[in-house]
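Dear colleague,

Please find below the structure that I am handing over to you. My notes on what was found in it follow directly after.

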Amino acid sequence: MNAVLGSIGVWLGFCGALVGAAVGGAALWRKAHGRPAVRQLDGRLYAPVLLLGAVLAVAAMEHALVTHDFSLVYVADNNSRVTPLLYSITGLWSALAGSILLWCLALAVYTCLIVWRYRRRADDPVVGWATVVMFLVAAFFFGLMTGPANPFTSVAGAAPAQGLGPNALLQDNPLVAIHPPLLYLGFVGFTVPFAFAIGMLATGRVADRWLIETRRWTLVAWTFLSVGIVLGAWWSYQVLGWGGFWGWDPVENAALLPWLLGTAYLHSVLVQERRGLLRVWNLSLSVAIFALTILGTFLTRSGVIESVHAFTESDLGPLLIGFFLLVVAVGFGLIAWRGDRLRSPGGIDAPLGREGAFLVNNLLFVGFAFVVLLGTVFPLLYQAVRNQQVTVGAPYFNSIAVPVALALLFLMAVAPALSWRVVDWAVLWRRLAVPAWVGVGTVVVCVLAGVRGVEPLLAFGLGAFAAASAVRSLVLSVRASHRHGAGAWRGLVGRTNGGMVVHLGVVVLAVGLAAATSFAQRTELALAPGRSVVFDGHTFEFVGLHKVSTPARRATEAVVRVDGGGLFRPAVSQFGGAQSEAVGTPAIDSGLFGDVYLTFDAVGGTAGGVSGAQLFPNLPSGSVAVGVVVEPLLAWMWAGGLLIGIGGLLALLPGRRRRATDPVSKPAPGLLAAASDGPDADGGADAAVAEVRVEHDESLEPVDDDVTVGADAP
């Protein structure tokens, strides 16, 4: 029954997507040729069909997993009768076919939201084209499940009595229930700005504000992806037993690439909104972001790379890489076709102004994304050409990541204080004086406290500089909101103010990252029962071994008392399932100022280490070898990720509105002179002068940059 219902759901979604795209395309053709609209040719009606199919298929798979229906190959390979309920549910995205099913569910939800959100503008060809593109992308992914990635394939012969169970690493921490869905919501969400970009290019209405309107959809996807990436690092830290959180793994990079370009887009679209610049750039980013999500899907689901995060080898590789090439060809081909309509009406008047800072911001993000992409795909290209394997290690990525991160921290501090179009150094210094002194004072305090190293000191100083700048902006916003009677809380919402909260989150995360990577201490200790060992200012006492045996998990725990306080239990665990392997389960003493990370490596009398390297070949019987990593301020990374998520949500809420700046260059000196003699007939000179003065008015800084465009603006 589960197989039948699931297959019906997959085919319903696939057919709904195809018919919706065909009907929507036919309606667009009739409209383009001046023919009257036919009420029956409304592709929007098939969005609920798409969602119904996805929900039915997901419900059937979840029911099969929870009831242990081993007649399905997917369930037999990724579930067992002793798998806990939580990990039975998360089994939906524990392997390739189920992950495609989750992708389709998220895509169906986004498609329905688009149809509902723009229901009053359904006659707009841009909306029509965007809806057709959403249907076509859905048809591709649903189509994968009708063939090579079918999650409802039945086993040959009788169903087995027991399944293999999930991968041990996917049932060792509840973060697996949150991290992958957030990543998927982020990846799939970038389909929306891509669809509208194609709609603008197809209709030739590239000067419309649709690209700016879809920024909220980009922000939604970016927020999901940001929190998902941080939670993925936290999962890696808590589960994999190496004491790290980011290894520049190809799958990690696949998630980072669209995040980097998405961050660039969220900044550059402000320049288009305020100045009408960077049209080609923003459309290119919209296409590139979506293309990179498809490339990331190829890397993780084709079997071309070996990674703890990747799925097993599959037949999806040619289909995914073909779809990626199609997206690139269509997207950038349309941009080239419409190039004559994409010219900006003006230029960058002040390279050292805010638009210049945003341009440098974009160059850094896109440049670093290229470096990451090159390091990720180079081993694949080298192997294809030379038939030899080569690896690109962390030093390559870190050599670029560190200076880029420091430069971005500096821009985060300075850019909010810059004005559009003009640069007044006196005003800039007045805005940045206090944040700058906070940064300098932080460096001095760190040096006096014994902190050494150019990179961490720069990170701490620039982080304090950027944090103080963001706090200053928020304080001004709260004061202005309170002064206007809107309530102080209104000073924390809106795109600009939410962005400042995001900046604070990034600073907190960056400081934690710099401290943990620069000053981490590692060792492996031989601990005898009842005796204490001191390492890096911490005391470790081995209390004894403890056995755990439940239907779902068997483990041997090394009970260790840290600093004379609580007991921590690093273990070697084996989970239920026919082919479950033993894995290390770390124990973490986490605090505001640092973490103590423990792994159970070996027990005396054994031939080798339980996990990791064995540094004590003559370990006495009854003793244990425990790996220890002391990492200062590591918890700040997770707190920073939480702040980023909160900031993203605040940025989605409507803030105080301001009129958009006309997309022209700053007024010529003659115009300013004319304004001093008196207003002209249409008041244009006065408006221009007033606009320049606005950039120097400190009291107007807190006003949010949101601009209302129609009743249905997102």
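In these notes a residue is called buried when its relative accessible area is under 20%, exposed when over 50%, and partly exposed in between, with a 1.4 Å probe and protein chains only. Helices (H or I, at least four residues) and strands (E, at least two) are DSSP runs, numbered from the N terminus. The model is predicted, so local features need pLDDT of at least 70 and side-chain atom pairs count only at pLDDT 80 or more, while totals for chains, interfaces and linings use all residues. Residues are numbered from 1 along each chain as its sequence is written, and side-chain values use heavy atoms, with hydrogens and water left out.

Overall, the protein has 21 helices and 10 strands. Of its 714 residues, 54% count as buried. The accessible surface comes to about 29,800 Å², and carbon and sulfur atoms hold 66% of it; the areas come from the Shrake-Rupley method with a 1.4 Å probe, and for residues only the protein chains shown count as cover. Where contact means heavy atoms within 4.5 Å, residues 24 or more positions apart supply 74% of the contacts with a separation of 6 or more.

Strand 6 (residues 571–575) is largely enclosed by the rest of the structure, because 4 of its 5 residues are buried. Strand 4 (residues 553–562) pairs with strand 6 in the antiparallel sense over 5 bridges; pairing requires that DSSP finds at least two bridges between two strands. Within this pairing, Arg553 has Phe575 of strand 6 as its bridge partner. Strand 6 also pairs with strand 7 (residues 583–585), in the antiparallel sense and over 3 bridges, and there Ser573 stands opposite Val583 of strand 7.

A nonpolar core is here a set of buried Ala, Val, Leu, Ile, Met, Phe, Trp, Tyr and Cys residues joined through side-chain atoms within 4.5 Å. The largest one holds 169 residues, of which Met61, Phe141, Phe196, Leu283 and Trp638 touch the most other members. Helix 6 gives the most to this core, with 15 residues. Beyond four places in sequence, Phe141 is in contact with Ile100, Trp103, Cys104, Leu107, Ile294 and Phe323. A second, separate core of 19 residues includes Leu527, Phe600, Val628 and Val630.

Finally, Asp124 lies in the loop between helix 5 (96–117) and helix 6 (125–145). Asp124 is buried, with a relative accessible area of 17%. Apart from neighbours within four places in sequence, Asp124 is in contact with Arg205 and Trp210.

With kind regards
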